[in-house]
Structures are given as C-alpha cells and as structure tokens.
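The following note collects points on the ligand site and on one residue of interest. Please read it alongside the coordinates.

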Amino acid sequence: MKSKRVARRQLLRGGGAALLGLAAGARPASGQIWRSAHSEDGKRLMRYGERSRFVKSERYISDNKVNMEMHGDMNGFDALTPLDEQMGVITPASLHFVSSHGNAPPDIDPQKHRLMIHGMVDRPLIFTMEELKRLPSVTRIHYIECRANSPRGGEERTLQQNHGWISCSEWTGVPLSLLLKEAGVKAGATWVLGESAEPTKGAKSIPLGKAMLDTLIAYGQNGEPVRPHNGFPLRLVVPGFEGNFQVKWLEAIKVVDRPYATYWEHTSFVKGAGATMSLGNYWEQGPKSVITSPAGGQRLSGHGYYQIVGFAWSGNGAVRRVEVSIDGGRTWSDAQIQDPALPMALTRFQLPWRWNGTEAVLQTRCTDDRGQVQPTKAHHTAFWGDWGPPHGNPIQPWRVTRDGQVLNAL
Ligand SMILES: Nc1nc2c(c(=O)[nH]1)N[C@H]1C(S)=C(S)[C@@H](COP(=O)(O)O)O[C@H]1N2
Ligand SMILES: [Mo]
C-alpha cells in the first residue's frame, strides 16, 4: 500500500512538472484570445467566446449519400457528435449532432418569426418570440436521438460512426400543452402536426397525448438560444421519441384528427409497400447504452488500470441499471450509475477495469425504470427483422485486441 502511495505521489509530481512545462511552452504568441475584444460607441466589448485553440473537437460529417447528393452546401450535411469527448451529460450545442435531410438552416430573424396554433382549435393563435418568452417557461434535460443511430457491423466502424446520432441538451421553452389549452382543442382532435420553415417544409405528425404530456417548444439550449443547425429560433422537443418528431425551425402547430403522411414523413420515414404510419414510426425509443471508452476507433496505451465509461438512456424513462461484460456477454457486473440519472436523458456509468493484455470483448446492457432490457443483436433482429434501422438499440460489443486496438465486434 505504502509503495503504491509513493508511486502515486511521484506520478503526480511528475505530471505536475510536465503540465507546468506545457503551460510555459503554450503561451499564445500574440495574445490571440483577446482578439475578439473591441470597442463600440465607447463601450468595451468581447464577442461570443471561443474554445482554446488546443481543443480540436470536430464532428464527423455523415456518410449518408442521399444528403451528399442533395446538397453541395456543407451546411446541409449531417454531422455526428464525438461522444467520447463529452464531459458530463450535456452535449455542447456546438457539438450537437445534425440531421436536416439536406437542408441548410433557414436564416430566420427572430423579430419576424411567428408561431401559429391552428386547425381544430376554438381560437387560432399567433405568437411572436417575445410573447412566447413572456409565458411561464420550463427547463429540462433531454437527449435527442435519430432513428438512424443504429449500430452496424464492420470492424473498422468507430464509436462516432455507430453511435454519433445522439446528443443531450438542457432545453428551455414553453410546454406545448400550455399553448394548446390556450387555443382550446376541439373534440375529435387526436394528432398535431408540427410544421417548419425550411424549403421542404418538414412537417411531422405527433399524437395529441404526447403533445399534451411533455412536449416542449424550445427556444433555449444549454443556456443560449437554440443554434441554427438545431432549429433556431424555435424547435419541438418530444422527449424519448425518435429524433424525426422533434421539428426544427418550427412555425406552426396544426391540430388534426389523424396522422398525416406528409411528403417529409413518407419520403423519409415510412418505407415499404403497404407500410402505414404505425409501421413506419416506432415513436418511443427503447433502453440503450454504449461504452464510449474504450470504444471503436480507439487504442489503449498500455496494460493496467482503466475506467470503462459510457452513456445509457431510454425513451421510456430513467436508467435503472447498467451491466458491463468484459468476456463477450458470458458474465456481467453492475456499473456505477452517475448522477443525475434523469428520465429521457443521457446517463453516465463507470466501472473500473484492469487490462492484462489479453483479448477482451466489452459490452453493456441497460435496464430502464419500466424494467425493459436492452436486447442483443440476435434478439433485436429476431423481433424487428433486418428491415431498416428500427430503434437500433442492440448491445454494442467492442473487441480489444492484444495490441490494444479497439474494434467493432457487432
Ligand atoms: N424542420 C426539420 N426538423 C427536423 C429535421 C429536419 O430535417 N427538418 N430532422 C429531424 C430528425 S430526422 C432528427 S434526428 C432531429 C435531429 O435534430 P438535430 O439536427 O438538432 O440534432 O431533428 C428532426 N427535426
Ligand atoms: Mo433523424
């Protein structure tokens, strides 16, 4: 024990010296962090903050060919979150994944933007952004996950490629139920349609029950206005439902008496002959988890002590349990779930692990507070078939090779 403590102290001392060296060597040559300061009308101002030039985080642009072909403009591309670089449960808005079906964010002036509540209501309403912000607000932490976030096989597929279509934010806005009550929903109404301001008019049918339960009209994301790629100035947050319900650049809510197979819905989400709305949409996402370190695309630097860390979540509630297997699913141990473990939010887990240099297959299994358990790939395929990417929540095994490379073992 004593020798261990000495070793640790030496390590810290060594580490400290190394850090000092780094700091001295890394002085910005020209005071670059102050360049954003300026003065205007005698006021001294500094612009929106930048990260350190040493922070190199970047989002993969998705390999979705459809998007590539639809748009030459980089702003229309989809991007994936680098989950292994995230600290805590909140994804910085600047690293949030993007799924926009080839549309660049419309350039919306919030002063001119309006939200209309219409259709089967007693009193159609139109709100300015300023009026919306005067209403009672709520702030909630929720993930958004694209249904395309479905891990696939191929040894070389990385964590980002297999799991980067999910992010988690603190959303601030107005409950949709408040606006619907204000407008007065007519008898016979069963669905609402969220309509957006982009050229292809993304419009999505949402069951009225969900609209009244916990759906948010969000203008705030992680303490700042929702970013353009994520829906500025207004988006729907439909907690735990597939990403495609969460309409960005929202400009209208139409109350209706059936699900509409809108152009956007039937081109993107309802597939196959005879497919219906109920077949094409799985709505609530099941329990899921993934190890973000060690994970596909990474390399372990040597034998010894590691934390197996990652995220778990469920579209049905909070994460109750995360189990970790280091032997390909033969035996399992409980990981520590870290606070906060919020409903329909990314939740962190960790488990210490000593790697002795032999090959290992690491994987996790999430149980949510409804008692639902994340399926294996075999179970998942047996239930859903190979069709498309429904839910896409199978267990993700990562294989650590003898030389420390981490490969996709799905
Ligand atoms: N107006 C509009 N809303 C949209 C989309 C879109 O293309 N247009 N994409 C949807 C899909 S498929 C997903 S997964 C989420 C992604 O949200 P994000 O781009 O903020 O991550 O937004 C949804 N809302
Ligand atoms: Mo999506």
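1. In this note a polar contact is a pair of N or O atoms within 3.5 Å; within protein, one must be able to donate a hydrogen and the other to accept it, and residues adjacent in sequence count only if both atoms are side-chain atoms. By that criterion, the side chains of His96 and Asn230 are joined by a polar contact of 3.2 Å.

2. The model is predicted: local features need pLDDT of at least 70, side-chain atom pairs count only at pLDDT 80 or more, and totals for chains, interfaces and linings use all residues. Residues are numbered from 1 along each chain as its sequence is written, and side-chain values use heavy atoms, with hydrogens and water left out.

3. His96 sits in the loop between β4 (79–80) and β5 (114–119), strands being DSSP runs of E with at least two residues, numbered from the N terminus. His96 is buried, at a relative accessible area of 1% (buried means under 20%, with a 1.4 Å probe and protein chains only).

4. Beyond neighbours within four places in sequence, the contacts of His96 (heavy atoms within 4.5 Å) include Arg59, Trp171, Gln221 and Asn230.

5. Ligand 1 is surrounded by 20 residues, the closest being Phe97, His101, Glu198, Arg235 and Lys248 (a heavy atom within 4 Å).

6. Oxygen atoms of ligand 1 lie 2.8 Å from a side-chain N or O atom of His101, 2.6 Å from one of Arg235 and 2.5 Å from a polar side-chain atom of Lys248. Taken alone, ligand 1 exposes 530 Å², of which the protein buries 100% (Shrake-Rupley method, 1.4 Å probe).

Notes:
Chains are lettered from A and ligands numbered from 1 in the order in which they are written. Helices (H or I, at least four residues) and strands (E, at least two) are DSSP runs, numbered from the N terminus. Buried means under 20% relative accessible area, exposed over 50%, partly exposed in between (1.4 Å probe, protein chains only).
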